[in-house]
Amino acid sequence: MALRFIGIDPDTGQQGSPTVWVDDEARELVLQGWKPDTRLAAECAAFAVPGHAPGIPSHEAVIRIPVRMVPVLREACDAAERTGL
């Protein structure tokens with residue numbers, strides 16, 4: 001795995017911190033975020049998209065990151081595009 005650190009929540013203190021990386025080898029964005037509460041997880045699991053089964057597969061997870069991290073996500077997307085991922 002070739003993780004490239006992109007950024008961290010600018011309002012992070014000393015506890016937990018939503019973070020964004022680009023994995024050049026796997027061609028993926030890697031996100032660390034907060035776990036959803038029970039209500040949000042249930043709402044996401046019940047969300048219906050045509051042609052897609054509802055629910056969250058056991059190999060996937062829902063995470064939350066603050067909107068203030070949009071610039072960090074944009075930077076990760078731009079970094080991935082620049083390297084041809």
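Reader: Quick one to start. Is T19 buried or exposed?

Author: T19 counts as buried, because its relative accessibility is 5%. Buried means under 20% relative accessible area, exposed over 50%, and partly exposed in between, with a 1.4 Å probe and protein chains only.

Reader: What kind of model is this?

Author: This is a predicted model, where local features need pLDDT of at least 70, side-chain atom pairs count only at pLDDT 80 or more, and totals for chains, interfaces and linings use all residues. Residues are numbered from 1 along each chain as its sequence is written, and side-chain values use heavy atoms, with hydrogens and water left out.

Reader: Give me the layout. How many helices and strands are there?

Author: The protein chain has two helices and three strands. Along the sequence they follow the pattern β-β-β-α-α. Both kinds are DSSP runs numbered from the N terminus: helices are H or I with at least four residues, strands are E with at least two.

Reader: What does the C-alpha trace span?

Author: About 35 × 35 × 20 Å along its principal axes. The chain has 85 residues, and 18% of them count as buried.

Reader: Back to T19. Where does it sit, and what does it touch?

Author: T19 is in strand β2. Leaving out residues up to four places away in sequence, T19 touches F5, G7, I8, V30, L31, Q32 and M69. Contact means heavy atoms within 4.5 Å.

Reader: Which residues are buried in α2?

Author: V72, A76, A79 and A80. Seen down the axis of α2, the buried residues fall within an arc of 100°, so they line one face of the helix. The arc is that of the directions from the helix axis to the C-beta atoms.

Reader: What covers them?

Author: The cover includes β1 (3-8), β2 (19-23) and β3. The face of α2 turned away from the buried side carries the exposed residues E81 and R82.

Reader: How many residues has α2, and how far does it reach?

Author: Helix α2 covers residues 70-82, which is 13 residues. From first C-alpha to last it reaches 18 Å, close to the 18 Å expected at 1.5 Å a residue. The expected span is 1.5 Å times one less than the number of residues. Just after α2, G84 takes a positive phi of about 75°.

Reader: Which residue other than glycine has a positive phi?

Author: R27 has one, near 60°. Most residues other than glycine have a negative phi. R27 is in the loop between β2 and β3. R27 counts as exposed because its relative accessibility is 53%.

Reader: Now the loop between β1 and β2. Is S17 there buried or exposed?

Author: S17 is buried, because its relative accessible area is 18%. S17 touches I8, T12 and Q32, not counting residues up to four places away in sequence.

Reader: What about W34? Where is it?

Author: W34 is in the loop between β3 (28-32) and α1 (38-46). It is partly exposed, because its relative accessible area is 33%. Beyond its neighbours within four places in sequence, W34 contacts D9, P18, I63, R64, I65, P66 and R68.

Reader: Last topic. What volume has the largest pocket, and which residues line it?

Author: The volume is about 180 Å³. V30, L31, A61, V62 and I63 line the largest pocket. On a 1 Å grid over the protein atoms alone, a pocket is an open set of points with protein on both sides within 12 Å along at least five of seven lines, a 1.4 Å probe being used, and lining residues have an atom within 4 Å of a point. Grid points are joined across faces, edges and corners, and a volume is the space filled by probe spheres set on the points.

Reader: How many of the lining residues are polar or charged?

Author: The lining has no polar and no charged residues, and five nonpolar ones. Ala, Val, Leu, Ile, Met, Phe, Trp, Tyr, Cys and Pro count as nonpolar, Asp, Glu, Lys and Arg as charged, and the others, Gly among them, as polar.
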